[in-house]
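Hi,

Here is the structure I promised to pass along.

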Amino acid sequence: MDCAHCGLPAPEGSSFCCPGCEAVAGAIGGLGLGDFYRLRDAAAARPARPVQARPEDALLDDAPTLARHARKLEDGTLEIELLLEGLRCAACAWLVEQAVARVPGVRESNVGFATRRARVRWDPATPLSKIVTAIRAVGYGAWPYEHGRIEMVEAGERRTALRRLWVAGLGMMQVMMYAVPAYIAGEGEITADIESLMRWAGLVLTLPVVGYSAAPFFRGAWRELVRGRLGMDVPVALGILVAFAASAWATVTGAGAVYFDSVTMFVFLLLGGRYLELLARARAGSALQRLARAEVASAERLVAPTSLETLTIPAARLVPGDRVLVRTGEAVPADGEMEGPPSEVSEAWLSGESRALARRPGDALTGGSVNAGRAFVMRVKRVGDDTAAASLRRLMERALEDRPHWVAAAERAGGAFVAFVLVAAAAAAAGWWSVDPQRAVWIAVSVLVVTCPCALALATPMALVAASGALARRHLVITRGGAIERLAGATDLVFDKTGTLTEGRPRVLAFQAMRGHPLERARELAAALARPSSHPLDRAIVRACDGVRELPVSDHRNVPGDGVEALVDGRLYRLGRASFVAALHGRPFVAADGGDGTRAWLGDESGWIATVRFGDALRPEARAAVDALRDAGLRVHLLSGDGPGPVTAVAAQLGITQAVAQATPQRKIDHVRTLQARGARVAMVGDGVNDAPVLAQSDVSIAMGGGADLAQLRADAVLLSDSPADLAAGISIARRARAIVRQNLAWALAYNAIVVPMAIAGWVTPLVAGIAMASSSLVVVGNALRVRR
Amino acid sequence: MDILFLLIPLSLVLAVAIGAAFWIAVDGGQFDDLDGPAVRVVADDDLPR
């Protein structure tokens with residue numbers, strides 16, 4: 001049975017997969033918002049964090065924070081924009097909106113699904129933290145949104161594009177109204193003065209379309225000409241300009257034909273294509289925002305150089321040189337240097353590597369890493385935009401501006417094509433001038449319009465837009481322009497085992513009680529000792545012992561690197577390394593059941609009680625996904641740094657024949673090189689920065705996004721769901737996109753090969769040329785949309 | 001057919017009016033979220049006030 005909230009598999013007899021989902025569903029029901037489950041069209045995100053209040057929430061009520069993020073309105077209320085995490089469908093947006101609206105003191109709440117932002121207006125008497133907690137209670141994350149420069153520019157761009165599109169659309173429809181009577185009326189059926197009136201009306205409405213809507217084409221053409229290049233904008237601008245000028249001249253002089261309808265329709269169709277492209281770019285941009293999550297909200301700054309007294313301040317107010325105390329389980333607030341004492345730090349957010357790394361005084365620390373050892377003091381070196389996290393984010397922003405290779409190639413071909421079109425139009429005009437000067441201008445315009453390379457220009461971006469939309473629905477976000485085409489061309493898929501085919505976090509494989517100890521009691525004790533600890537292995541024990549009776553513990557102590565100890569019912573228990581537990585009772589080491597892997601031991605002063613074996617379990621959908629990939633003709637490889645035992649086990653379960661164990665990064669690179677030398681195109685699936693060199697060597701790289709947001713930046717694509725099944729679907733979407741791009745280009749070439757000679761021969765009027773061009777574009781767009789299927 | 005001398009200028013005025021109305025709507029942010037309202041209207045969300 002699947003979880004009623006998030007749709008992940010749930011244990012037998014339970015409607016929910018985890019207590020988190022159950023709590024969230026309870027909260028949703030409690031607010032009377034059960035409609036959510038009826039309205040939604042995507043399963044909700046599994047609540048990633050504990051639902052309780054968190055210490056940094058208090059910071060939200062801090063006056064400077066409020067002053068920075070919230071606006072004070074005239075009626076004394078405050079307004080703030082919150083960026084939301086975990087929105088999956090429009091029903092999610094509705095749910096958050098309602099949950100916030102039900103917080104006492106909230107005057108207005110408004111959630112935009114597309115923007116993933118909540119705008120909340122509330123009474124200053126209500127603390128902001130209460131609103132954020134209410135959002136978390138229904139399973140979403142929220143934090144104050146800071147308007148980045150890029151988003152502001154993007155929002156402005158989108159509005160301007162929409163306005164241009166609308167002006168052109170309105171102009172097109174109305175101008176067509178004035179044009180149609182002239183087309184269908186017989187000779188003399190419309191009086192000359194009415195015809196002239198309609199022409200003037202058409203001129204008036206075409207003016208804003210050419211002057212405002214088409215402005216980007218003129219600017220683009222001008223830029224291209226200044227740089228001495230021929231782009232798509234040149235014939236477009238020239239066609240619009242010549243057709244409009246000639247029509248205007250005909251209107252003023254009252255002689256000759258007018259083609260305002262062709263001009264406006266032409267502009268509208270071109271703008272429509274550009275608008276779709278803009279939307280796709282914005283969608284890619286929202287992935288960026290998710291990276292902002294790695295930022296830490298609060299820091300404990302040491303007030304004096306000698307004492308350990310601290311003051312909690314917003315992390316944004318740290319300056320280089322500050323000394324900060326980082327407690328166990330807390331995040332490093334900024335980039336800096338370790339002062340001491342030696343401890344362990346998990347950089348899982350950066351590398352996906354869940355193992356804690358030892359850090360000694362003088363070692364560098366990256367903001368966002370989590371202290372997995374004891375509390376330590378660090379000196380802040382870089383804050384804000386200078387941190388590693390921020391620069392990685394900038395890298396991703398730049399990657400978004402990449403021109404895909406396909407588009408670049410189409411543009412190069414377009415340049416040559418444009419030159420040809422200009423020459424053809426000029427030649428046609430010159431040729432016809434000697435035959436029939438009356439028609440020369442119109443034939444030139446027809447040639448410009450009919451051959452307009454938009455089919456060529458639209459063919460690729462439209463298919464890519466549709467494909468990135470379809471991929472995003474499978475949680476595969478493209479971060480580099482050329483990723484789709486390279487994904488489509490992949491012949492070999494290489495998995496980096498850690499975290500890609502397995503769960504990526506430790507799981508209890510076996511819980512074994514020693515002779516004379518009841519298993520249930522041992523489980524209760526282990527869970528009691530593990531519960532207050534944040535160590536991954538302890539978390540795994542707590543998950544495995546879910547549902548056991550909770551024993552009260554006292555004097556809980558964390559011994560980094562060794563384990564935990566605590567008093568239960570007055571007796572001292574230890575959970576951790578064998579040597580650590582043995583030090584308590586001094587009994588000889590006992591043998592446990594077979595199977596290798598990490599182990600933890602539980603004991604008291606009189607001896608061993610139990611042992612726990614951990615392992616990394618296979619993801620449930622891995623098998624089907626690998627089969628699907630093989631069916632798609634891909635050779636699947638497994639390269640892992642792990643020992644031969646687990647690697648062979650995973651490979652055997654998945655039917656992967658090419659598996660390499662104990663692969664060093666160099667070995668992995670060599671393997672990929674060998675494959676490439678044999679002509680293979682290698683797609684590499686990794687999970688972090690630690691495999692960055694291999695990702696770089698591969699033809700296309702995909703990062704699993706769950707644990708390692710920032711690692712995404714090194715990869716061409718990010719798999720947010722971490723599901724190999726989505727990966728298989730993604731590759732098939734990419735291949736379909738490639739096939740469609742080829743069809744579109746073939747269509748564009750065939751179309752142009754037929755219509756250009758016809759236009760030069762004078763068989764095509766500008767209106768017919770416009771319609772032909774438009775239908776050709778529609779064919780291309782319609783074909784591109786098939787990618788979504 | 002003389003009525004056209006009135007109707008055609010009128011249609012121009014109308015087109016400009018529609019354009020202006022749309023312009024204001026875009027600036028007011030009405031096109032920033034195109035998915036949310038579709039759901040909002042179906043939901044039974046009368047708040048106890």
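This is a predicted model: local features need pLDDT of at least 70, side-chain atom pairs count only at pLDDT 80 or more; totals for chains, interfaces and linings use all residues.

Residues are numbered from 1 along each chain as its sequence is written, chains are lettered from A and ligands numbered from 1 in the order in which they are written, and side-chain values use heavy atoms, leaving out hydrogens and water.

A:Leu225 sits in helix H9 (residues 215-226) of chain A; helices (H or I, at least four residues) and strands (E, at least two) are DSSP runs, numbered from the N terminus. Together with A:Trp222, A:Val226 and A:Leu230, A:Leu225 makes a nonpolar surface patch of about 430 Å² accessible area. Patches take residues with over 30% relative accessible area and no salt bridge, joining like charges within 9 Å and nonpolar side chains (Val, Leu, Ile, Met, Phe, Trp, Tyr) within 5 Å. A salt bridge here is a side-chain nitrogen of Lys or Arg within 4 Å of a carboxyl oxygen of Asp or Glu, and areas are Shrake-Rupley with a 1.4 Å probe, counting only the protein chains shown as cover for residues.

Helix H6 (residues 128-137) of chain A is another story: seven of its ten residues are buried, so it is largely enclosed by the rest of the structure. Among the buried ones are A:Ile131, A:Val132 and A:Arg136. Just after H6(A), A:Gly139 has a positive phi of about 100°.

Then there's an open six-stranded sheet in chain A, ordered E17-E22-E21-E20-E19-E18 with antiparallel pairing (two strands pair if DSSP finds at least two bridges between them). Its edge strands are E17 (507-513) and E18 (553-559), each pairing on one side only. The twist averages 15° from one strand to the next (axes are lines fitted to C-alpha atoms, for helices over the stretch in contact, with angles from 0 to 180 degrees between N-to-C directions).

Two aspartates are worth a look. Most residues other than glycine have a negative phi, yet A:Asp555 has a positive one of about 50°. A:Asp555 is in strand E18 of chain A and counts as exposed at 58% relative accessibility.  A:Asp569 also has a positive phi of about 50°, in the loop between E19 and E20 of chain A.

Cheers

Note on methods. Buried means under 20% relative accessible area, exposed over 50%, partly exposed in between (1.4 Å probe, protein chains only).
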